[in-house]
Amino acid sequence: MKKFTLSAAVAATIAIFAGAASAESNSAVLTIDGQEITLRAAAPDYIDVDEVISGWSFRTAETQALQMDDFDNPGMIFVDQAIDDWNTVDGSEGKSCASCHTGGPEEFAGLRAELPRWDEAQGKVMNMEDYINLSRVEHMGAEPWKWAKPRMDAMVALISLQSRGMPINVAVDGPAADMWEAGRELYYTRVGQLDMACSNCHEDNYGVMIRADHLSQGQINGFPTYRLKNAKLNSTHARFSGCMKNIRAQPFAVGSDEFRALELYVASRGNGLSVEGPSVRN
Amino acid sequence: MADNVKPRVRVPRSAAAGEAFEIKTLISHKMESGQRKDSDGNPIPRSIINHFSCDFNGENVIQAALEGAISTNPYIQFEASIEESGTFTFTWQDDDGSEYTDSKDIAVG
C-alpha cells in the first residue's frame, strides 16, 4: 500500500520581517548550486575601503537563503521568461535572438563581468541594455525595449547569469576614463534635501543600520536584483533612482548620461567580487 | 490565462522507499488580490491561483486552497514518501478557469 507522510508548509515567497540588527556575514564565499561566489575581495586601489563586500553579506539569513538555491530564488522566474523571449521572433527581419546567437545565451559567458565597457565599433561605453537594444534595433528590426521594464530586466538577468561566479573586471582607464571620472564625481556629490552623497552611506557607513535596513556598500555585482519589496527584478538605474529619492533628490533619468557614468564607476568599485545576478535583496 | 504563468517543480530523481523527501513547487503568477484599485480608483478584479494539488500515480498527496492574501509567485513546499516508482503530477487552478500542470518521474531505489 502506498503511504504518504506529509508535513506541508505553504510559504509565501514574500517574507516580511522586522529589521532586527543582524551581524554582517563574514563568509568569503557563497556557493550556489556548486558555483562559487566571492563575497569579499581586496578593494581596488582607487577606492577608499580596504575590502569590497557583496550586498548579500548584509542581508538577513532569510533573504540570503533565497539566493542560495536557484529554485528558491524568485529572480529565476524572470530568467525563465527571458528564455521564452530569447526564442520569440520579433521585428521586420523575422528573427529571434536564437536565430543568430546559435550557441544560446551561454555565448555571452563573461560579458556581464566587463560591463559597462568601451566599445570601439560603437564608439561609446556600452552596458547590457545597450547591447540588447543594439541587436533588437539593428539586427532584428524590432522596437528597442524600455530600460528598467520587465522584459529588459529579465533579459539582462538571463545574460548576466551566464557569467555568474566570474570576477567583475570593469576597465577604468582608456577611452572610458572620462566617463568614469564623471561617475566618481557624482558618487561623492551631495544632493537632495538630505544633502547626502552615495559615499556618505555606502562608503562611510556601510555595516550600520539605517532605520530597519543594514547598509551595504551599494555594490551592483548582483544586478539585476530581485527585491522582496516589489517582487520583481530591479535594474541598476532603477536602484540608483530609488536611493536618490530616499535622500529627497530629483533622480536622474533611467538611461541618462549621469546614471551611465555612475553605473560605470559603481561597477568598478566591485572589481574582484563575482557576478551574482540575479541576486535577492529586501 | 494570466500573463507569464510558468509552473516549476523540484522532485528528486530517486528516493528510498518509505523515506521522506522534499518537494518544492513555485508558479509565477501575479496573484492580484482583488483589494487593489487602479489609478482611476476602479477596483482591479481578483485574479489568483485558487487551488493547488499534487498526485502520485493517481492518488492525491496534498491539496491546498489559496486565498487572496497569498503573495505573487506562490511557493509551496512539502514532504512526501513513496513505496514504489512513479509519477508526481501537479495542478494549479486559476480564477479564470485555466489549469496549469507539470509532472515529474521518480524512481524508488
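1. Basis of the note. In this predicted model local features need pLDDT of at least 70 and side-chain atom pairs count only at pLDDT 80 or more, whereas totals for chains, interfaces and linings use all residues. Residues are numbered from 1 along each chain as its sequence is written, chains are lettered from A and ligands numbered from 1 in the order in which they are written, and side-chain values use heavy atoms, with hydrogens and water left out.

2. Domains of chain A. Chain A is assigned a domain 1 made of 8–72 + 171–281 and a domain 2 that covers 76–161, the bounds coming from an automatic or database domain assignment. Taken over C-alpha atoms, the centres of domain 1 and domain 2 of chain A are separated by 23 Å.

3. The interface between these domains. In chain A, 25 residues of domain 1 are in contact with 21 residues of domain 2, where contact means heavy atoms within 4.5 Å. About 1800 Å² is buried between domain 1 and domain 2 of chain A, and carbon and sulfur atoms give 66% of this area; buried area here is the accessible area (1.4 Å probe) that two parts lose on being put together, summed over both.

4. Polar links across the interface, and the domain 1 side. Between domain 1 and domain 2 of chain A there are four residue pairs in polar contact, both residues being at pLDDT 80 or more. A polar contact is a pair of N or O atoms within 3.5 Å; within protein, one must be able to donate a hydrogen and the other to accept it, and residues adjacent in sequence count only if both atoms are side-chain atoms. On the side of domain 1 of chain A that touches domain 2 of chain A, the elements giving two or more residues are strand S11 (232–234), helix H9 (236–246) and helix H10 (257–268) of chain A, and H10(A) gives the most, with four residues. Helices (H or I, at least four residues) and strands (E, at least two) are DSSP runs, numbered from the N terminus. The residues of this side of domain 1 divide into 15 nonpolar, six polar and four charged, where Ala, Val, Leu, Ile, Met, Phe, Trp, Tyr, Cys and Pro count as nonpolar, Asp, Glu, Lys and Arg as charged, and the others, Gly among them, as polar.

5. The salt bridge between the domains. The rule finds one salt bridge across the interface of domain 1 and domain 2 of chain A, a salt bridge being a side-chain nitrogen of Lys or Arg within 4 Å of a carboxyl oxygen of Asp or Glu. The side chains of A:Arg260 and A:Asp130 meet in a salt bridge at 2.8 Å, N to O. This pair links distant parts of the chain, with A:Arg260 in helix H10 and A:Asp130 in helix H5 (residues 128–139) of chain A, 130 residues apart. Both A:Arg260 and A:Asp130 are buried, that is, under 20% relative accessible area, with exposed meaning over 50% and partly exposed in between (1.4 Å probe, protein chains only).

6. Other salt bridges. Over all chains, a search of the whole structure finds 18 salt bridges. One of them joins the side chains of A:Arg59 and A:Asp213 (3.0 Å, N to O), and it links the loop between S5 and helix H1 (61–67) of chain A to strand S9 (residues 213–214) of chain A, the two residues being 154 residues apart. A:Arg59 is buried, with a relative accessible area of 9%, while A:Asp213 is partly exposed, with 32%.

7. A link between chains. B:Arg8 forms a salt bridge with A:Asp80, and the closest N and O atoms are 3.8 Å apart. The pair runs from strand S1 (residues 6–10) of chain B to helix H2 (residues 75–86) of chain A, and B:Arg8 is buried at a relative accessible area of 13%.

8. Chain B. Chain B has zero helices and eight strands, and its C-alpha atoms fill a box of roughly 60 × 20 × 20 Å along the principal axes. Of its 109 residues, 43% count as buried.

9. Two buried residues of chain A. A:Val49 lies in the loop between strand S4 (40–42) and strand S5 (51–53) of chain A and is buried, with a relative accessible area of 11%. A:Asn200, in helix H8 (residues 198–202) of chain A, counts as buried at 12% relative accessibility, and its side chain makes a polar contact with the side chain of A:Asp204 (3.3 Å).
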